[in-house]
Amino acid sequence: MTPDMPNTRGLTRRGLLQGAGGVAFVGASLAALKLPFFATDGAQQKPAECRSTDASASDKQLVISNWPGYIDPKKKSDSTFQVFEDRTGITVDYTDDVNDNAEFYAKVKNQLGACETIGRDMIILTDWMAARMIGLGWIQPLDKAKVPNLHDNLIEPLRNRQWDPDLTYHAPWQSGLTGIAYNAAKTGEVKSFDELISRSDLKGRITLLSEMRDTMGFMLKVVGADPTKFTSAQWGNAIDRLQEVVSAGQVRAFTGNEYIQDLAAGNIVACEAWSGDVIQLQFDNPDIKFVTPEEGLSLWSDNMMVPNHATHQANAEEWINYYYEPEVAAKLAAWVNYICPVEGARQEMEKIDPSLVDNQLIFPDEKTLSVAFDFMPLDDRQTVEYERDFSDVTGG
């Protein structure tokens, strides 16, 4: 890392719930959420009929909701945030109030479902929730002419998403990989997800993720199904296999990113893991390794979107276009340590922090990304059913 950047970011983007009091899909979370909250009967909207007049030209303001710890220090004079404000004259009200996709959805669903403002010009949510909100008509289309850098510079693996193939409604902010981490001082390499959930020397010494799509994407792979397109029968096979693994005592716990402390301490020796967490662990413990499982890698993004009734859409588009400049993207990536979605940022990183240029968890090469997979978009019925199935097995 560069001298003025600490080796720890504190709580990471996906681990903030444990200290923030938010609701996540962890432990008893699904019971707390009451699964029917996903149902949104009568909430479908048409973005063209649910918009406000854009005041961007006369009102240089922008209101953003993002995850905590997901931007370089805003108060530094040369931060990406400060440079944006200085360059554009736009004052940004940046709030880190997205602690969890489901929690944020519950916070705004009544207003968006009723075609009312939520007082924000941009929200940043993970793929599956982005897909859901786009499907409900709660997100405004972006003006392609105002975000040319997005269309020119988005890395190829993040294009053509099933739920918004033409980038009409979303722009990835940062991305990450879900794979396997292990402590090389405590165990040998774990080469596959199937090995993780079946090897006898790992029994009771592993954790899996409590985010349904992360874990079940791999379970679908294990039973020979395609996570991007699977049937109810294949889902049933994958859930049954997970139940067998849990019943056999293979899994110590289903966790959010609190697994990082247990892995570093040796309480567990291997786990399903997020790439950004592993980078941060490796600063202090080089024995922590990240593995691309034989089944592949789950690739996800957190995405910038403009909600219905945003009053500063053009300002939001200016923000998107700015962060898709390679130099800006590299500076951001040097701080947050997730996959940079911007083509050309790797070359710019040479000037910022050469030690990160070859980090496969920030700038994965084509070979790494060639095995990355997505999770099939789910409708309301599937969401309720599959989350319930997963909760029944994991003890949620």
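How many nonpolar, polar and charged residues are in the lining of the second largest pocket? Let's walk there with your viewer open, keeping in mind that this is a predicted model.

**Stop 1: the second largest pocket**

Select Asp127, Trp128, Arg213, Asp374 and Phe375, which lie nearest the centre of the second largest pocket among its 22 lining residues. Colour α5 with care, as α5 contributes the most, four residues. The space in this pocket comes to about 300 Å³. Now for the opening question: the lining holds 11 nonpolar, four polar and seven charged residues.

**Stop 2: the largest pocket**

Next, move to the largest pocket, with about 400 Å³ of space. To centre your view, pick Ile155, Glu343, Pro364, Asp365 and Leu369, the closest to the pocket centre of the 20 residues that line it. Then show α14 (345-352) and α15 (366-369), each of which supplies at least two lining residues. Which of the elements gives the most to this lining? That is α14, with three residues.

**Stop 3: the disulfide**

Now select Cys50 and Cys115 and show their side chains. Their sulfur atoms sit 2.0 Å apart and form a disulfide, the one disulfide that a search of the whole structure finds. Follow the chain away from each end: Cys50 belongs to the loop between α2 (29-33) and β1 (61-65), and Cys115 to the loop between α4 (101-113) and β3 (122-126). The pair links distant parts of the chain, 65 residues apart.

Why is this disulfide called right-handed? The torsion about its S-S bond is about 140°, so the Cys50 and Cys115 pair gets that label.

Cys50 has a relative accessible area of 1%, so Cys50 is buried. Cys115 reaches 22% relative accessibility and therefore counts as partly exposed, because buried means under 20% and exposed over 50%.

**Stop 4**

To finish, select Cys271 and Cys340. Are they buried or exposed? Cys271 is buried, at 0% relative accessibility. Cys340 has a relative accessible area of 3%, so Cys340 is buried as well.

Terms used:
Residues numbered from 1 in each chain as written. Predicted model: local features only at pLDDT ≥ 70, side-chain atom pairs only at ≥ 80, totals over all residues. Heavy atoms only, no water. 1 Å grid on protein atoms, 1.4 Å probe; cavity = no way out; pocket = protein on both sides within 12 Å on 5 of 7 lines; lining within 4 Å. Points joined across faces, edges and corners; volume = space filled by probe spheres on them. Nonpolar A, V, L, I, M, F, W, Y, C, P; charged D, E, K, R; others polar. Disulfide = S-S within 2.5 Å. Buried < 20%, exposed > 50% of the residue type's maximum accessible area, 1.4 Å probe, protein only.
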